[in-house]
Amino acid sequence: MSTFGPRIDASIIRQQDMLLKAGQATVFSRFRQRTFFSSFLFSPGIGGAIQSGRYEVFAALKGDVGQGYSDALTDRETNWQGARRVPDQQNVLVRGIGVEIRRPPQSLSSYRPGITFGNDPSQVNPSIPVHAADVMAVASGLIVRAKYLTQDVPLGLVADFPAVGGAFGFNESSRQIAQPLVLPNGASVNDSVSPATAYPFLPVTKNSTTWAFKRRLQVPLMLSAKDTFSIDLHAPRAITLLGANPGAPSPASQGYTGALEVVVHLYAIESTANA
Amino acid sequence: MSLRSSVERQQDQLLKGQTPRPFSEFRCRHIWSTFHFQPGAGSIIAQDYKFFVAGAGKNGQGLPGGLSLDDLDTNFAGEGRVPDDQNLAVWELGVSLLPAREDVVAGDRAAYADGPMDPIDVDNVLSNAVLGVKYLDTELVLGPLSVFSQPGGPHIAVPTLLDWNESSSVVAGGVDGGMGASLGATPWQQRVARLASSSGNLAPSPATRMRLDVPIFLGHTNQFYFFLRFGRAINLRTVAQGGTGAFRARLDLWCAESFRETKN
């Protein structure tokens with residue numbers, strides 16, 4: 001419920017109706033609910049840093065290369081159908097936002113040229129979940145900024161917008177390790193077999209919550225058909241991911257991915273025009 | 001709110017219908033459909049995996065040949081379409097990741113194991129799949145699979161931290177300790193300790209479930225199915241690595257249904 005009072009509530013409702021029903025000249029008479037999403041792949045390598053800067057999502061379409069991926073985006077990475085704009089035949093009312101910090105893809109072609117795969121510094125391990133400390137560093141180190149028409153508004157930290165759902169739990173005590181996991185292209189990582197280089201705890205955690213507890217916007221984001229729109233993930237300072245412990249007997253770094261994805265979810269109602 | 005009244009009008013038009021013989025009976029329905037995945041040591045291929053296209057008594061939806069779907073797999077009579085005398089307004093939907101059927105895994109114990117999915121495999125599936133619906137000629141990706149958690153089911157630690165066997169198969173040379181039996185005859189005894197939820201995905205409480213603000217409207221006789229789409233292939237943990245190599249994904253729809261009595 002809004003806390004703005006009946007007159008402002010009524011005004012918001014009118015704005016909402018105008019957006020969803022009238023749009024521009026076309027009548028948008030069909031309504032449906034969806035979660036729109038778009039992801040960015042960060043792959044600095046084990047012990048590497050996500051450099052300061054802005055990383056844009058909702059900028060590349062399925063089939064495009066971009067947003068940190070070196071191959072074409074699939075439905076896994078985005079279902080948004082406008083590049084830096086709202087699609088022509090849709091108006092979108094964003095009622096909630098969630099940002100997921102997700103394990104990196106197992107498809108090796110997604111990564112930038114020159115990346116190698118394994119457990120050594122600067123490598124990427126795409127076969128395990130993101131370490132909880134890396135989740136924490138990214139959640140507290142990235143700002144979510146909405147760019148709409150001429151506006152550029154910082155909405156909050158990634159940690160302020162937990163995404164809905166996701167696995168939880170842990171696997172393996174610190175005395176047990178995983179054998180090599182073969183990836184879809186036949187490559188394998190995680191070649192350690194000695195308890196001396198055993199994996200630490202591998203908690204499965206991400207920036208997540210249940211549906212009922214997601215952050216709902218008191219005033220929805222109202223995105224009209226064809227208008228320019230995207231989201232920036234802004235890192236004011238570099239974020240260093242976990243890497244090898246210099247004091248450890250082995251240079252290998254068990255349990256770190258060196259890569260992760262940040263996925264922005266928009267929990268929305270859309271109106272579409274009759275064909 | 002006028003948006004709410006528009007949604008209510010859409011729902012009324014759907015549920016009451018426009019035919020001479022009206023849909024005058026209403027009830028709450030829960031329908032489900034299951035897809036069986038058995039990648040073993042191989043990959044879950046990047047493609048669509050469809051729900052509600054096969055009914056009880058039929059093979060399909062990932063089941064190996066010779067096995068049929070039963071009432072635990074699906075209770076939906078229409079195969080790829082809404083039955084003639086029913087309309088459905090779907091208010092809630094969710095996906096659970098469940099242990100594979102015993103009769104599916106019994107045939108190849110080297111490749112498959114019983115029991116809940118490894119949480120890391122649950123995370124892998126939820127991170128790499130999206131849920132969508134195809135209705136008439138419209139195909140929509142509704143969102144990442146992780147958004148559609150199905151509440152309910154226990155949270156369990158299986159086996160307990162005291163139960164791991166003396167010589168774990170996941171460590172070369174074994175790991176000393178534990179109070180369980182030595183390497184057993186069944187994959188269960190070789191499983192490492194883990195915390196798991198039988199639903200696989202957050203969260204157990206129906207009070208925090210996802211309710212749609214705009215239902216999905218499925219009209220009588222119309223063709224539809226839901227799908228899990230993997231945009232990229234993924235590999236799960238093998239049995240030797242503590243995985244199960246197989247699992248079921250069950251999609252639940254909670255609906256308001258209108259129906260009419262069939263003619264004599």
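A salt bridge here is a side-chain nitrogen of Lys or Arg within 4 Å of a carboxyl oxygen of Asp or Glu. The model is a predicted one, where local features need pLDDT of at least 70, side-chain atom pairs count only at pLDDT 80 or more, and totals for chains, interfaces and linings use all residues. Residues are numbered from 1 along each chain as its sequence is written, chains are lettered from A in the order in which they are written, and side-chain values use heavy atoms, leaving out hydrogens and water.

**Exercise 1.** Find the partner of Arg216(A) in a salt bridge, and say what the pair joins.

*Solution.* Start with the atoms: Arg216(A) pairs with Asp213(B), with the closest N and O atoms 4.0 Å apart. Buried would mean under 20% and exposed over 50%, with partly exposed in between (1.4 Å probe, protein chains only).

**Exercise 2.** Work out how Glu139(B) and Arg229(B) are placed.

*Solution.* First, their side chains meet in a salt bridge at 2.8 Å, N to O. Then look at the elements: Glu139(B) is in strand E6 and Arg229(B) in strand E10, so the pair ties together parts 90 residues apart in sequence. Lastly, Glu139(B) is partly exposed at 41%, while Arg229(B) is buried at 10%.

Definitions and conventions:
Helix = DSSP H or I, 4+ residues; strand = E, 2+ residues; numbered from the N terminus.
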